[in-house]
Amino acid sequence: MTRGAMIGWAAMAAGIAIVWAIQIYAVPWTDPYLTDIIVRVGMSLLAVMGLALVLGFTGQFSLGHAGFMAVGAYTAGALVHYTHVHPVVGILAGALAAAFVGVLVGLPSLRLTGDYLAVVTLGFNGIIIVLIQNAEWLGGAKGLIGLPTFTNFGWTFTFVIIGGVAIRNVIASAQGRVFEAVRDNEIATRSLGIDTTRAKVTAFVFGAFWAGIAGGLVAFHRGSIFPTQFQYDRSIELVTMVVLGGTGSLSGPLIASSVLTALPEILRPIAQYRMVIYALLLIGMMILRPSGLLGARELTEVVAGWYRALRRHRAA
């Protein structure tokens, strides 16, 4: 193992240790409402980082990401409800089920591009919701209730750290370069002998896996799940977060996801105006920054640029 890899593993372990220190020593003394908002931000981060890989780094316009969250949520919920396994086992099983469905959806649909792919994935999202609503053993339209309330700050952000590191490593690998090549010019990439469909399916499955993790955490957040939580408007919301953060960036969509998840709650004191303010902020952001918050850059690059500019300013 190289020195850089050892440092990376140590940093991830340190991050997880800090998360659990906060869970044990700080969360019990924190306002439960604030903690709940932070946990919901974490669940949103997991869903968005998978979609950022699919949309931002592979260029595949998917409108069915909430469908993978539904598969993860209901697989995890049903497994725990009927077999009483540990919720972590249920969450991981839900993620694997979402990844498997990602293969089933991705193989035929990812030969398409652009609007056609968006329509197919949107249809997939609708099919998943209809199937759940008609499955009595999953609670049907009434939802699956009586699940354990397992999701907390510690588990949520443990998965966020692991997911962030995993996706960051994929993006930085040779496979990540293939994803970017497919996004930039699929025809030229195919002419080099690269199987572009396989690359797109790989990204799709990886994104579906982390959407499944997010769905599993949703299942055990309030002790119940409902089909309405995973309808197409949730998929559109996730796409909005990626676009506002900047396609081609991982940290940008994560920042946008955090802000857009927390903003409605921050504006709750002015409930009658909050959706108007929310919409105006989205419109203003797209006018002022059409490439997104960070564009194709990462937060570390932006901060480093600010630091260099500040040094030049002081030197002058």
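Trainee: How many salt bridges does the structure hold?

Mentor: This is a predicted model, and the structure holds six salt bridges.

Trainee: What makes the pair Arg 40 and Asp 36 a salt bridge?

Mentor: The closest N and O atoms of Arg 40 and Asp 36 are 3.2 Å apart, and the cut-off is within 4 Å, so the pair is called a salt bridge. Arg 40 and Asp 36 lie four residues apart in helix α2, which means that about one helical turn separates them.

Trainee: Why is Asp 36 called buried, and why is Arg 40 called partly exposed?

Mentor: Asp 36 has a relative accessible area of 17%, and buried means under 20%, so Asp 36 is buried. Arg 40 has a value of 23%, which falls between the limits of 20% and 50%, and therefore Arg 40 is partly exposed.

Trainee: How do you know that Arg 222 and Asp 36 meet in a salt bridge?

Mentor: Their N to O distance is 3.0 Å, and because the cut-off is within 4 Å, the pair qualifies. This pair links distant parts of the chain, with Arg 222 in the loop between α9 and β2 and Asp 36 in helix α2, 186 residues apart.

Trainee: What makes Lys 200 buried?

Mentor: Lys 200 has a relative accessible area of 1%, and the limit is under 20%, so Lys 200 is buried. The side chain of Lys 200 meets that of Glu 186 in a salt bridge, at 3.1 Å from N to O.

Technical notes. Residues are numbered from 1 along each chain as its sequence is written. This is a predicted model: local features need pLDDT of at least 70, side-chain atom pairs count only at pLDDT 80 or more; totals for chains, interfaces and linings use all residues. Side-chain values use heavy atoms; hydrogens and water are left out. Helices (H or I, at least four residues) and strands (E, at least two) are DSSP runs, numbered from the N terminus. Buried means under 20% relative accessible area, exposed over 50%, partly exposed in between (1.4 Å probe, protein chains only).
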